[in-house]
Amino acid sequence: MSRGAKVVVGTIVVGGLGASVFAVLAAAGSGETEVDAVAVERGEIVDRALAVGRIEPLVEVSVKSQLAGVVRRMFKEPGQYVRQGEPLLEVQPNPTPIELVEARRNIELREIELQQLERRRDRLAALRDQDLASQEQFEDAEYSLSEVSLQLQIARERLALLSEGRVTIGDEAVETVIQSPIQGFILEKMVEIGDPVVPLTTFQEGTVLMTMAEMDELLFRGTVDEIDVGRLAEGMPVEVTIGALPDTRVEGRLTRISLTGRDEENATIFPVEIAVLPEEGTLLRAGYSANAQVIIERRSDILIIPERVVRFEEEGAFVTVRLGPDETEEREIRTGLSDGISVEVLDGLTEGERVMEPPRREIT
């Protein structure tokens with residue numbers, strides 16, 4: 001090698017478009033750079049939009065109690081599969097002394113009132129037989145007696161629940177055992193034995209005892225950038241990549257696009273939902289982080305070239321075509337779909353033609 005000669009640099013890039021070899025050859029002392037060209041090939045271009053989120057169950061419920069007390073027993077643990085109606089835990093009533101006293105005194109008051117109404121009914125029955133009282137007066141007394149009898153029964157049932165934690169109403173046993181509202185898996189428990197329980201009412205949310213989910217149907221819930229949301233439509237196919245399962249590809253379908261965006265880290269994003277369709281044998285867990293590639297458009301068996309070799313100007317798109325060892329031609333082309341790396345050639349080039357790479361800058 002002569003003293004003035006420079007080193008030959010070879011770079012090999014291997015990708016979905018095949019192998020392209022780029023060689024930079026410099027003549028000694030000339031300062032001019034000769035660059036290689038890439039071939040016009042047939043391939044596939046997929047236009048995608050990225051959504052970032054996680055895997056969640058379609059049906060997830062929070063288990064709460066309608067009775068106040070403390071957790072007495074636990075029948076199930078997180079991870080277990082339960083059927084609807086199976087016992088999950090028992091809440092033992094823990095009434096205050098004042099609540100017990102009020103419940104007992106309420107029973108006594110109802111009993112006294114019931115005795116008075118029974119005597120009044122008997123008097124009206126005797127007066128009615130003597131035509132000194134009307135049938136309507138007697139029926140009113142009967143109605144009042146029935147009403148107070150029912151109030152007395154409710155008061156006794158309430159005391160039984162407060163003191164014993166169970167009561168029988170008709171043929172149905174009412175207990176403080178919380179049963180599973182759905183058929184599925186227990187995801188998490190929020191209480192331990194002895195923890196206090198605030199009941200669910202119209203005025204308070206109540207203590208969450210457990211969370212459960214039906215894992216048969218899963219969703220990807222995530223967000224897409226506002227740049228891409230305008231190109232999305234419900235029903236588009238999706239490829240989901242699970243962070244914890246890098247070698248597993250899960251198919252899906254876009255089911256919902258939010259009409260309202262939200263600001264997050266100085267960007268506007270839109271929530272989306274994707275129905276996940278895992279292959280048989282693929283175990284997905286709630287909470288897995290995932291990325292979803294929404295397939296906006298896919299074109300196969302088309303002419304493609306690297307987008308970097310195209311010069312986009314106001315007049316159109318142009319490339320430099322190599323015709324021979326020392327002959328090139330500037331040519332205008334018409335482009336189509338692009339994925340940011342490759343671009344579709346609709347007109348202006350044929351398969352096998354070679355397009356010049358843009359000159360590389362020499363590092364000094």
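The legends below describe close-up views of a predicted model.

Residues are numbered from 1 along each chain as its sequence is written. Because the model is predicted, local features need pLDDT of at least 70 and side-chain atom pairs count only at pLDDT 80 or more, while totals for chains, interfaces and linings use all residues, and side-chain values use heavy atoms, with hydrogens and water left out.

**View 1. The protein chain as a whole.** The protein chain holds three helices and 24 strands, where helices (H or I, at least four residues) and strands (E, at least two) are DSSP runs numbered from the N terminus. Of its 364 residues, 35% count as buried, a word that stands for under 20% relative accessible area, with exposed meaning over 50% and partly exposed in between (1.4 Å probe, protein chains only).

**View 2. Helix 1 and helix 2.** Two packed helices are described by the angle between their axes and the distance between the axes. The axes of helix 1 (residues 97-129) and helix 2 (residues 135-164) come within 8 Å and cross at roughly 160 degrees, the axes being lines fitted to C-alpha atoms over the stretch in contact, with angles that run from 0 to 180 degrees between N-to-C directions. Helix 1 is therefore roughly antiparallel to helix 2, a label for angles over 145 degrees.

**View 3. Glu 344 in strand 23.** Glu 344 belongs to strand 23 (residues 342-347) and is buried, with a relative accessible area of 6%. Its side chain is joined to that of Arg 299 by a polar contact of 2.4 Å, that is, a pair of N or O atoms within 3.5 Å, where within protein one must be able to donate a hydrogen and the other to accept it, and residues adjacent in sequence count only if both atoms are side-chain atoms. Leaving out residues up to four places away in sequence, Glu 344 touches several residues, among them Ile 45, Ile 302 and Thr 335, where contact means heavy atoms within 4.5 Å.

View 4. Arg 262 lies in strand 17 (residues 262-264) and counts as partly exposed, at 39% relative accessibility. Arg 262 and Glu 226 are 36 residues apart in sequence, and their C-alpha atoms are 9.7 Å apart in space. Asn 266 is found in the loop between strand 17 and strand 18 (267-277), is exposed with a relative accessible area of 86%, and has a positive phi near 60 degrees although this residue is not a glycine.

Key. Parallel < 35°, antiparallel > 145°, perpendicular 65-115°, else oblique.
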